[in-house]
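Subject: Structure for your review: aromatic rings

Dear colleague,

Please find below the structure I am handing over to you.

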Amino acid sequence: MAKKKKDTSPEVPVEKEATGLVQKSNGQFDYIAKRRSVRAKTRRRTATLVVTIFLLAAVLITAAVYSILAFIDFNSFRITVDRSSGQSLSLSQDFAFTKPSSALGIDGPKFMDNVAYESIDIEGIVNGEGELNGDNYIANTFYLRNNGLKDCKYVEEITLSNTYKGLEAAMRLLIVRNVYEEVNGEWVPTENVYTCYAKERTEPLEDGTTQEYVSGGNGDQVVPDPVTHPVNEDEEWLCVNFISDSIILRDQQFDIQSKQIVRYSIVVWIEGTDLECVDDVLGGKVSLSVKFSSISDEE
């Protein structure tokens, strides 16, 4: 019988790109490196995955920081005068009224944490001018003047808008008002009048008090450590309740003579000892609007 002739033809590998294997004619498999194009695709996929993970981590970190710090956003609330009655009131950031205006834009720190009254430089704010913000409160001292030739009355009005997550319940708004009087042809300041506003207490004190204290910030939310009134030192300082959920104050009429000046200092903060200052208000926001409306002396 004739012997079977041995096959001496060269091996022809059969590539399988999906697996990266080469099958020889003898049925054996050897591992080979993937093609250059496959390696490039793998590198691109890896790079994309790394970038995606990095961006996701950055977003999560940013969100976490925001949820911790974003207690209140008072950025850019406005103070305006209403001249619809024909009386001429104007505003200025300085006593000399170098730039009188019918509106002032007040910018505060973008994010505010809770603080207490005693940690705020009230004296520096009252004796200063313009923007006097701290890290965790907004403060501004400005002037109101009657530019008209006649005496008149005006009304203060401060309202809340765009409240979110009930943050206004832990808010404090301090107004320091000083009327200048004419003495020997010059306008000189009189005694400061301090009034602090807060939303009514959700749980009255044992004596039935529904007003919030201006607190010294001892950390006890149930029985705060009240500070004494800056003028009447024999009495503990209680806040004036908001008129409603959306109105802090309204319809307080004040006389103002022709050319007379009134200095205002407004301070806003989140009171850390308030019962409503809890984690649920994290990320809360509230906007304020301050308006002075003149009315004629005959009305």
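In what follows, a residue is called buried when its relative accessible area is under 20%. Please note that the model is predicted.

By that cut-off, both Tyr-117 and Trp-237 are buried. A search of the whole structure gives 11 aromatic pairs, and Tyr-117 with Trp-237 is one of them. Their ring centres lie 5.2 Å apart with 85 degrees between the planes, an edge-to-face arrangement. Tyr-117 belongs to the loop between β6 (103-106) and α2 (122-126), and Trp-237 to the loop between β12 (193-198) and β13 (240-241), so their pairing ties together parts that are 120 residues apart in sequence.

A further pair is formed by Tyr-264 and Phe-292; the centres are 5.0 Å apart and the planes stand at 50 degrees, so this pair is tilted. Here the partners come from strands: Tyr-264 from β15 (residues 261-270) and Phe-292 from β16 (residues 285-296), so parts that are 28 residues apart in sequence are tied together. Tyr-264 has a relative accessible area of 1%, so it is buried; Phe-292, at 2%, also counts as buried.

Tyr-264 and Phe-292 also belong to one aromatic cluster, together with Phe-142, Tyr-154 and Phe-254. Phe-254 has a charged neighbour as well: the charged end of Arg-177 sits over its ring, 3.6 Å from the centre. Elsewhere, Arg-145 lies over the face of Phe-97, at 4.1 Å from the ring centre.

Yours sincerely

How values were computed
Residues are numbered from 1 along each chain as its sequence is written. This is a predicted model: local features need pLDDT of at least 70, side-chain atom pairs count only at pLDDT 80 or more; totals for chains, interfaces and linings use all residues. Side-chain values use heavy atoms; hydrogens and water are left out. Rings of Phe, Tyr and Trp (its six-membered ring) pair if their centres lie within 6.5 Å; planes under 30 degrees apart count as stacked, over 60 as edge-to-face and the rest as tilted. Helices (H or I, at least four residues) and strands (E, at least two) are DSSP runs, numbered from the N terminus. Buried means under 20% relative accessible area, exposed over 50%, partly exposed in between (1.4 Å probe, protein chains only). A charge sits over a ring if NZ of Lys or CZ of Arg is within 6 Å of the ring centre and within 35 degrees of the ring normal.
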